[in-house]
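These are my notebook entries from going through one protein model, kept in the order in which I looked things up. I wrote down each term with its cut-offs when I needed it.

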Amino acid sequence: MKNDFTCGDIEKCNPEKTKPCPFCGSKEIVIDKYEHRAGERFRIFCTGCMAMIDPGYAQNKHTVIEMWNKRTAQ
Ligand SMILES: [Zn+2]
């Protein structure tokens with residue numbers, strides 16, 4: 001799965017550890033590692049509808065996976 005809108009380092013999430021998208025139901029959830037002025041940061045988004053969580057401070061992917069899973073639980 002490729003997306004043109006980002007030049008970050010994309011990694012597909014393990015669907016067993018990451019909940020499906022609450023908006024479109026897609027299980028294609030990916031982590032994007034990108035360069036911030038302060039260092040590497042992570043964000044997570046759905047490739048189906050581009051719903052994204054980008055806290056701007058996440059320094060490892062587990063942080064954004066946890067945020068993603070918490071949001072879908074609401
Ligand atoms: Zn979605």
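**Entry: terms for strands.** I began with the rule that two strands pair if DSSP finds at least two bridges between them. I also noted that helices (H or I, at least four residues) and strands (E, at least two) are DSSP runs, numbered from the N terminus. With these in hand I looked up β1 and β2 (residues 29–36), and found that four bridges join the two strands, which run antiparallel. In this pairing I10 stands opposite D32 of β2, and K12 stands opposite V30 of β2.

**Entry: what kind of model this is.** I reminded myself that this is a predicted model, in which local features need pLDDT of at least 70 and side-chain atom pairs count only at pLDDT 80 or more, while totals for chains, interfaces and linings use all residues. Residues are numbered from 1 along each chain as its sequence is written. Since pLDDT is the predictor's confidence in each residue, from 0 to 100, I looked up the mean for the protein chain, which is 88, with 85% of the residues reaching 70 or more.

**Entry: the overall layout.** I counted one helix and four strands in the protein chain, and from the N terminus on they follow the order β-β-β-β-α. The four strands form an open sheet in the order β1-β2-β3-β4, with antiparallel pairing.

Entry: I then followed β2 into β3, which pair in the antiparallel sense over eight bridges and form a hairpin with two residues between them. Here K33 stands opposite F42 of β3, and E35 has E40 of β3 as its bridge partner. Going on from β3 to β4, I found two bridges joining these strands, which also run antiparallel, and F45 stands opposite M52 of β4. The hairpin of β3 and β4 has five residues between the strands, and within it M50 takes a positive phi near 70°.

**Entry: buried and exposed.** For this I needed another rule: a residue is buried if 20 or more other C-beta atoms lie within 10 Å of its own, exposed if 12 or fewer, and partly exposed in between, with the C-beta atoms placed from the backbone. Is M50 buried or exposed? M50 counts as exposed, because it has 12 C-beta neighbours inside 10 Å. G56, which lies in the loop between β4 and α1, also counts as exposed, with 9 C-beta neighbours inside 10 Å. I noted too that G56 and R43 are 13 residues apart in sequence, yet 7.6 Å apart in space, C-alpha to C-alpha. Over the protein chain, buried residues make up 20% of the 74 residues, whereas β3 is mostly covered, with six of its eight residues buried.

**Entry: the nonpolar core.** A nonpolar core is a set of buried Ala, Val, Leu, Ile, Met, Phe, Trp, Tyr and Cys residues joined through C-beta atoms within 7 Å. The largest one has eleven residues, including C21, I29, F42, F45, A58 and W68. The elements that give two or more residues to this core are β2, β3 (39–46) and α1 (61–73), and β3 gives the most, with four.

**Entry: contacts of one residue.** Two residues are in contact if their C-beta atoms, placed from the backbone, lie within 7 Å. Which residues does F45 touch, not counting those up to four places away in sequence? I found V30, D32, M50, A51 and M52 as the residues that F45 touches on this count.
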